[in-house]
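Visitor: I am new to this kind of picture, and I would like to learn how to read it one feature at a time. Could you take me through it slowly?

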There are 4 protein chains.
Amino acid sequence: MRLKDDEKTTNIYRAAIQVINSEGFEGSSMSKIAKLSDISPATIYLYFENKDDLLKKLYIEMKSRMGNSYFTKEMNLSSTKATFRALWLNHYQYITENMDAFIFIENFANCPLIKRIENEYNLDYCPTFEQLFEQAKTEKLIMTLDNDIIYSHLFAPINYLVKKAKANSTAISLPDLIQIFECSWKSISY
Amino acid sequence: MRLKDDEKTTNIYRAAIQVINSEGFEGSSMSKIAKLSDISPATIYLYFENKDDLLKKLYIEMKSRMGNSYFTKEMNLSSTKATFRALWLNHYQYITENMDAFIFIENFANCPLIKRIENEYNLDYCPTFEQLFEQAKTEKLIMTLDNDIIYSHLFAPINYLVKKAKANSTAISLPDLIQIFECSWKSISY
Amino acid sequence: MRLKDDEKTTNIYRAAIQVINSEGFEGSSMSKIAKLSDISPATIYLYFENKDDLLKKLYIEMKSRMGNSYFTKEMNLSSTKATFRALWLNHYQYITENMDAFIFIENFANCPLIKRIENEYNLDYCPTFEQLFEQAKTEKLIMTLDNDIIYSHLFAPINYLVKKAKANSTAISLPDLIQIFECSWKSISY
Amino acid sequence: MRLKDDEKTTNIYRAAIQVINSEGFEGSSMSKIAKLSDISPATIYLYFENKDDLLKKLYIEMKSRMGNSYFTKEMNLSSTKATFRALWLNHYQYITENMDAFIFIENFANCPLIKRIENEYNLDYCPTFEQLFEQAKTEKLIMTLDNDIIYSHLFAPINYLVKKAKANSTAISLPDLIQIFECSWKSISY
DNA sequence: TATGAATGAGCCTTCATTCAT
DNA sequence: AATGAATGAAGGCTCATTCAT
């Protein structure tokens, strides 16, 4: 008896992202994913109930990895500008190093299937984030704004710019990167 | 005869957006669009070459309407904070009043089909915008940043927040709205 | 615009019976039926919702034709042995002349799908039959038995024998046929 | 080891009948049968060549058990009405006590696969039956009819009625049972 | 022997598109 | 110009069967 291969799930995920990113959600098919994973279409159904299940689990996995990308183990979470900058740069590093996953999440965050998942699970920014925001507000480091507003000014611009750079096949220079963070920081700090 | 044609095209556009937004890109089909437009599938092919052509033209139409949404005829385009605020609020008003079109554009701006269109045409923010940015930079109203960076800090946060509000079926309060603009403005101005 | 072809339904029915009888219920497939009907598989779905719907309608149609086979227009329905013999022979003639339909009904009368149909509709022998049985009992022509028991002795033997003859590729001789009816008649008459 | 094998075969048979009767021939699958037998699909293939082989052997086994059901060891096979009644009641008892097997045989006796088996083997009523019929004819106990005709009048009605009762979830009363036999007997006796 | 993993073939169904009126 | 009918190709999924342990 063969053993269920754990690596297979990873392969399927990778193939799925690749197919979807290059051919779009509607251009993706189980057989294309199977072919790229080098397995039979039927085998996918040993690891996932059906296509929806595969996409759901894939999205949840990628979203949660991205959620963890802000933080590193040895990180000092005191509420200082330096902490925010570190989080922000961690995030930037993650999305540039995992561009495929990032694009996948951004592209399909709003498709109906994924919408249902977002409502089912809570895949928003994690509690640690909220605590940090609250503390920073208390300490008058940042302005007393709704957390969503803070988050949007911190991350929406860089996400937008990374996608744009990718689309134009250009890169963001280091000085620009610093500049972008400074702008974001300025928008929410006193 | 011209009038009738135009009306039909509009109906098809409206139906297409509706179907796609509610059932996703992959859940959309020509016959569903036809049914919702109250015409025969075959008739769509008198107005559009094929599905891709329909989607392309639809996207271009919506994107260009959105591009125009920033400006109103009687607008004073002098480079002042007031002008930026007016542009910004025009945009906000447009996307909330045309949520369907906005969601459609946001959802599918990154799908492979649309990508090709973006590269073919130039659907970015219009020349007027660029002129305004340049003038504002010259006049030291805003910092000397890349136009993309300026644009991203001005509009990415509000776009993110509008989508989020829509997803949560909540609304942005007027004070919050002002606050959001002030943050964006702060990020790019001196 | 082409008109929906009424003959097509008939063709599909004929093909379905042929495929099912020769390859069994489980060996039947929409594409085989389509091929034998000389149409595209997709076209079947313009006439029937799905496979179940096709089989249901096919069964109901055949069963109802068979139900009508006992009677002819000019028939005298007085309760005499001659009437019973006429009914019986009509039935015999029908099943031998429509062997395919008969075999189809017999083979699949007990399959789960059909079971559900039988319960939904009432496809048993018709009211006219029941009236005739009751009258014959009142007039002491046949014994006072449950209608099902009467029906079973009248028709189960000949049905069995027709199927058996078909399986052996033999035929029932006319004297045998008369004999069979006489036996059946003896079993229920005084 | 032999014992264990036999037990497994029995389990497979039981599971197969159960699955087929409840989900139909086309709804049955090797994995469903395996699951219900509490063994792996692969194991079935150690006991049977393939699905057809399983079904064939299952049918032959059930048919032969049913063939034996008419007779009991201590039975007096003299050609009298009492003997016929005893055979008939044995058969009735068997099919009511082994309804699943009976339904299975009746349902699929005419399916193409089984047809081939019937022709290959001779699974008809056994030689003993034929002898009894011949003797009874010689002794003028029953009429000089073809054996098939005799058999059909003796057993087709009760088989039909048992299936019908099962379908309607009703039972045949004892007086009715006696009556049914008497009718059958009348139809073939002088 | 016994098994769960793996698979190519095939099934039902839908789709974008064309046909014929 | 407009349409409902028609279709080949493709999609998701399951199945009987084999593999590898």
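Guide: Let us begin with a term: helices here are DSSP runs of H or I that are at least four residues long, and they are numbered from the N terminus. Please keep in mind throughout that this is a predicted model.

Visitor: Is B:N11 buried, partly exposed or exposed?

Guide: A residue is called buried under 20% relative accessible area and exposed over 50%, with partly exposed in between. B:N11 has a relative accessible area of 23%, so it counts as partly exposed. As for its place in the chain, B:N11 is 175 residues from B:K186 in sequence, and the C-alpha atoms of the two are 42 Å apart in space.

Visitor: How should I read the size of the contact between two chains?

Guide: The size of an interface is often given as the accessible area lost when the parts come together. Between chain D and chain C that buried area is about 3100 Å², with carbon and sulfur atoms giving 64% of it. The contact draws on 34 residues of chain D and 35 residues of chain C.

Visitor: How many salt bridges are there between chain D and chain C?

Guide: The count is 2 salt bridges. In one of them C:K164 pairs with D:D148, and their closest N and O atoms are 3.8 Å apart.

Visitor: Which helices supply the side of chain D that touches chain C?

Guide: At least two residues come from each of α1 (2-27), α7 (112-120), α9 (147-167) and α10 (174-188) of chain D. The largest share, 12 residues, is supplied by α9(D). By kind, the residues on this side of chain D are 14 nonpolar, 11 polar and 9 charged.

Visitor: What does C:S152 touch?

Guide: Leaving aside residues up to four places away in sequence, C:S152 touches C:P157 in its own chain, and D:P157, D:Y160 and D:L161 in chain D. C:S152 lies in helix α9 of chain C, residues 147-167, and because its relative accessible area is 1%, it counts as buried.

Visitor: What rotation superposes chain D on chain C?

Guide: A rotation of 179°, with 0.1 Å of shift along its axis, superposes chain D on chain C with an RMSD of 0.3 Å, which means that the two are related as by a two-fold axis. The same surface serves both copies, since 100% of the contact residues of chain D recur in chain C.

Note on methods: Residues numbered from 1 in each chain as written. Chains lettered and ligands numbered in written order. Predicted model: local features only at pLDDT ≥ 70, side-chain atom pairs only at ≥ 80, totals over all residues. Heavy atoms only, no water. Contact = heavy atoms within 4.5 Å. Buried area = accessible area lost by both parts, 1.4 Å probe. Salt bridge = Lys/Arg side-chain N within 4 Å of Asp/Glu carboxyl O. Nonpolar A, V, L, I, M, F, W, Y, C, P; charged D, E, K, R; others polar. Buried < 20%, exposed > 50% of the residue type's maximum accessible area, 1.4 Å probe, protein only. Least-squares fit on C-alpha atoms with pLDDT ≥ 70 in both.
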